[in-house]
Amino acid sequence: MKSSERSFARRIDLTSLQLFVAVCELGSIGRAAEREFIAASAVSKRLSDLETAVDTALLYRHSRGVTLTPAGESLLHHARTVLFGLERMQGELSEYAEGVRGHVRMHANISAIVQFLPEDLGAFARAHSQVKIDLQEHLSSDVLHAVQEGAADLGICNTGGPAAADLQSRPYRTDRLVLVVPAAHALSAQAAINFEEVLDWDIVGLHANSSISLAMRAAAAAAGRPLRQRIQVTGLDAMCRMIDNGLGVGLLPDRAFALMHGVGRLQAIPLTDAWAQRELRVVARDFEALPVTARLLVEHLIHPSPGTFTPA
């Protein structure tokens, strides 16, 4: 290592990198200080020292918080890589410690969280009480991005598209989309339906970039028809309530609908389209490089124990 490189490494400390990442994730020095249990003035001082060490501005500071400069964007990527490497080192060393301790950061989409993860994570927590799991719900595209950037150790989502190209993945579960309509709806008597027939009706959907919304838009475009998605909500229960009150029809995963007990008088109709059969996958940057606690969780998720729900 050249002397200039050694000098640079000595000017950068890990605590400042961790605080920098926290500020970037929260968009605010104050909120980062609260999360990390440190005074805001101390965080600000460390960020200033970090900018001095790299000899360039990393953040634009304004009244509503902070945003990244181009140099800050680059440092954020490298900082996450460094911190990820340290977690990998800790994970490998932890194998020599007595018992399994640690935590796993996981991001998952709403389909996985509603349908499968409560039972799977509950069983894992009972078997490994010393392991803490930090779970956040995000759109599939955001789950993939978080894993790529090192903001999450594991992700569970639909992996279609180029965003997953640099990630490793393993199969988790499958589900099938169904059309949900009010019990008195004109379509309620049908045993199955093609999505093109649904395009005649107003649709209640999830986020514009959710995997279900993207699939519906692609199917509508392939049929040369407009998608009448009048209402967008953030949760499956809210979607069911909207449908029950006559504001449209909607697509839900089959098991998620089965779990929506008591949310109106609704009917589920299987979709016949091939894309309605979906696969959820566990994703990571490198499964072999994960800390031992994360590897334990992966094995638990992809090889469910007897008695854990497995779809037919």
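Does Trp275 count as buried, partly exposed or exposed, and at what relative accessibility? In this predicted model, Trp275 counts as partly exposed, because its relative accessibility of 27% falls between the limits of 20% and 50% that separate buried from exposed residues. Its aromatic partner is Phe195, the two rings being edge-to-face at 5.4 Å centre to centre with 80° between the planes. Since Phe195 belongs to helix H9 (residues 195–198) and Trp275 to the loop between strand E10 (266–270) and strand E11 (277–284), the pair ties together parts that are 80 residues apart in sequence. Phe195, at 1% relative accessibility, counts as buried.

The count of aromatic pairs comes to 2. In the pair of Phe116 and Tyr172, the ring centres are 6.1 Å apart and the planes stand at 90°, so that this pair is edge-to-face. Here too distant parts of the chain are linked, with Phe116 in the loop between helix H6 (110–115) and helix H7 (117–127) and Tyr172 in strand E6 (residues 168–182), 56 residues apart. Phe116 is buried at 2% relative accessibility, and Tyr172 is buried at 8%.

Charged side chains also lie over aromatic rings: Arg170 is placed over the face of Phe287, 4.2 Å from the ring centre, while the charged end of Arg285 sits over the ring of Phe84 at 3.9 Å from its centre.

Helix H2 (residues 14–26) comprises 13 residues and reaches 18 Å from its first C-alpha to its last, close to the expected 18 Å. The buried residues of H2 include Leu17, Phe20 and Cys24.

Conventions: Residues numbered from 1 in each chain as written. Predicted model: local features only at pLDDT ≥ 70, side-chain atom pairs only at ≥ 80, totals over all residues. Heavy atoms only, no water. Helix = DSSP H or I, 4+ residues; strand = E, 2+ residues; numbered from the N terminus. Expected span 1.5 Å × (residues − 1). Buried < 20%, exposed > 50% of the residue type's maximum accessible area, 1.4 Å probe, protein only. Phe/Tyr/Trp six-rings, centres within 6.5 Å; stacked < 30°, edge-to-face > 60°. Lys NZ or Arg CZ within 6 Å of the ring centre and 35° of its normal.
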